[in-house]
Amino acid sequence: MAAFYGTEKGKLDPKRRLSIPLSLRHDPATKKTHTRFFLKYGSERCLQLYSVEDWHVMEEKLGRLLKGDREDRDFVFKFLEDACWVTVDGQGRITIPSSLQDRAGLGTDVVLRGVIGFIAIWSTETYGERTAALDDDALARLETSKLRD
């Protein structure tokens, strides 16, 4: 699994291009700089960028679900809505399709956040609301309950 860490501010240009900072594209564990990603809508009004390797793992899981019942197949159908491959250009940018930009409510200003297995792309407003809801006390409670040995 690729390890993406850090938080960066970014801007979408008028052509819907977004620079993916080298600090997020570079995986120190593998010493690899990612030049291609799988882009999809996330469940919390963000976009998710997966490395090629991590997306192939996800594809295997989704493939198993496609062999399941109707609910599983419907989930895969919705999970992949508007999803696509994106390539990092020579200036370190990807182009975000308008359908995904609209679904995530992305304006010009965005926040990119490494979330271990993917990079989340949030509108600045949504990210601010999300982090404001998780104050230090709430974080301490969750950390204590979720990360117990």
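User: In this predicted model, what makes two strands count as paired?

Analyst: Two strands pair if DSSP finds at least two bridges between them. In the predicted model, 6 strands form an open sheet on that basis, in the order β1-β9-β10-β6-β5-β7, with antiparallel pairing. The twist averages 30° from one strand to the next.

User: How do you know that β9 and β10 are paired?

Analyst: The requirement is at least two bridges, and 5 bridges join β9 to β10; the two strands therefore pair, and they run antiparallel. Gly114 stands opposite Ile119 in β10.

User: Why are β1 and β7 said to stand at the edges?

Analyst: Each has a single partner strand, so one side of β1 (7-11) and one side of β7 (84-87) are left without a neighbour in the sheet.

User: What makes helix α2 a helix that packs on the sheet?

Analyst: Contact means heavy atoms within 4.5 Å. Helix α2, residues 52-66, touches β5 (36-41), β6 and β7, and its direction makes about 100° with that of β6. Helix α5 lies across β1, β9 and β10, at about 105° to β10.

User: What makes a residue part of the lining of the largest pocket, and which residues are closest to its centre?

Analyst: A lining residue has an atom within 4 Å of a point of the pocket. The largest pocket holds about 540 Å³ of space. Of its 19 lining residues, Arg113, Val115, Trp122, Arg130 and Leu134 are the closest to the centre. The element that gives the most to this lining is α5, with 3 residues.

Definitions and conventions
Residues are numbered from 1 along each chain as its sequence is written. This is a predicted model: local features need pLDDT of at least 70, side-chain atom pairs count only at pLDDT 80 or more; totals for chains, interfaces and linings use all residues. Side-chain values use heavy atoms; hydrogens and water are left out. On a 1 Å grid over the protein atoms alone, a cavity is a set of points where a 1.4 Å probe fits but cannot get out, and a pocket is an open set with protein on both sides within 12 Å along at least five of seven lines; lining residues have an atom within 4 Å of a point. Grid points are joined across faces, edges and corners, and a volume is the space filled by probe spheres set on the points. Helices (H or I, at least four residues) and strands (E, at least two) are DSSP runs, numbered from the N terminus. Axes are lines fitted to C-alpha atoms, for helices over the stretch in contact, and angles run from 0 to 180 degrees between N-to-C directions.
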